[in-house]
Amino acid sequence: HVSYSYRDGIYYHILKEGNGREVRLTDTVEVLYKGWLYNNGNIFDQTKERPVSFPLNRLIRGWQQGLPGTKVGGKIRLWIPAGSAYGIRTFSPQMPPNSILVFDVEVLNTRPQN
């Protein structure tokens with residue numbers, strides 16, 4: 001039985017507790033991730049072998065709501081409703097408008113933005 005938590009409009013589950021610095025909204029995060037559609041499980045985006053870095057405050061609202069408080073070394077699963085993701089916009093045929101998205105995000109590092 002998996003327990004889910006709810007915060008700021010999204011559901012999440014800590015898959016692995018980290019032990020490093022906590023992510024802040026104003027950080028640049030280095031992550032490995034996989035994103036898929038809730039309704040059919042189709043993967044629409046994922047990192048391959050190499051991690052990627054993003055300024056967290058420039059990402060979709062669901063990541064901005066879900067990642068702060070996650071610690072470096074941790075992994076979280078986010079269920080993001082369309083209103084906190086891409087809404088009615090669509091960027092590919094694999095992602096219909098108003099899609100609920102699920103992401104597994106592993107936080108490898110976090111640092112204040114310059």
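## Strands and the model

Strands here are DSSP runs of at least two residues in state E, numbered from the N terminus. With that numbering, Asn98 falls in the loop between S6 and S7. The model is predicted.

Strand S6 covers residues 75-80 and strand S7 covers 101-112. These two strands pair in the antiparallel sense, with six bridges, and in S7 it is Leu101 that Ile80 stands opposite. S7 also pairs with S3, again in the antiparallel sense, over eleven bridges. Thr28 stands opposite Arg111 of S7.

## The nonpolar core

The largest nonpolar core holds 21 residues, and the members that touch the most others are Trp63, Leu67, Leu78, Ile80, Phe103 and Val105. Two or more residues come from each of strand S2 (10-16), strand S3 (27-37), S6 and S7. In soluble globular proteins, nonpolar side chains tend to be buried together.

What does Ile80 touch beyond the residues up to four places away in sequence? Its contacts are Ile10, Ile60, Gly62, Trp63, Ala85, Ser99, Ile100, Leu101 and Phe103. Of these, Trp63 and Phe103 are named with Ile80 among the core residues that touch the most other members, and Leu101 is the residue that Ile80 stands opposite in S7.

## The largest pocket

The volume of the largest pocket is about 170 Å³. Its lining consists of Tyr33, Phe44, Asp45, Phe54, Leu59, Ile60, Trp63, Tyr86, Met95 and Phe103. By class, nine of the lining residues are nonpolar, one is charged and none is polar. Asp45 is the charged one, because Asp counts as charged while Tyr, Phe, Leu, Ile, Trp and Met count as nonpolar.

Trp63 and Phe103 belong both to this lining and to the core residues with the most contacts to other members. Ile60, also in the lining, is in contact with Ile80.

## Tyr86 and the loop between S6 and S7

Tyr86 sits in the loop that runs between S6 and S7. Is Tyr86 buried, partly exposed or exposed? It is partly exposed, because its relative accessible area is 24% and buried requires under 20%. Apart from neighbours within four places in sequence, Tyr86 contacts Ile60, Phe91, Met95 and Leu101. Ile60 and Met95 line the largest pocket together with Tyr86. The C-alpha atom of Tyr86 is separated by 26 Å from that of Ser3, which is 83 residues away along the chain.

Asn98 lies in the loop between S6 and S7 too. Its phi is near 60°, a positive value in a residue other than glycine. With a relative accessible area of 49%, Asn98 is partly exposed, because exposed requires over 50%.

Asp8 is in the loop between strand S1 (5-7) and S2. Asp8 is exposed, because its relative accessible area is 52% and the cut-off is over 50%.

Tyr11 is part of strand S2 and is partly exposed, with a relative accessible area of 46%. Residues up to four places away in sequence aside, Tyr11 touches Tyr4, Ser5, Tyr6, Arg77, Leu78 and Trp79. Leu78 is one of the core residues that touch the most other members. Between the C-alpha atoms of Tyr11 and Pro96 the separation is 21 Å, and the two residues are 85 residues apart along the chain.

How values were computed: Residues numbered from 1 in each chain as written. Predicted model: local features only at pLDDT ≥ 70, side-chain atom pairs only at ≥ 80, totals over all residues. Heavy atoms only, no water. Helix = DSSP H or I, 4+ residues; strand = E, 2+ residues; numbered from the N terminus. Buried < 20%, exposed > 50% of the residue type's maximum accessible area, 1.4 Å probe, protein only. Contact = heavy atoms within 4.5 Å. Core = buried A, V, L, I, M, F, W, Y, C linked by side-chain atoms within 4.5 Å. 1 Å grid on protein atoms, 1.4 Å probe; cavity = no way out; pocket = protein on both sides within 12 Å on 5 of 7 lines; lining within 4 Å. Points joined across faces, edges and corners; volume = space filled by probe spheres on them. Pairing = 2+ DSSP bridges.
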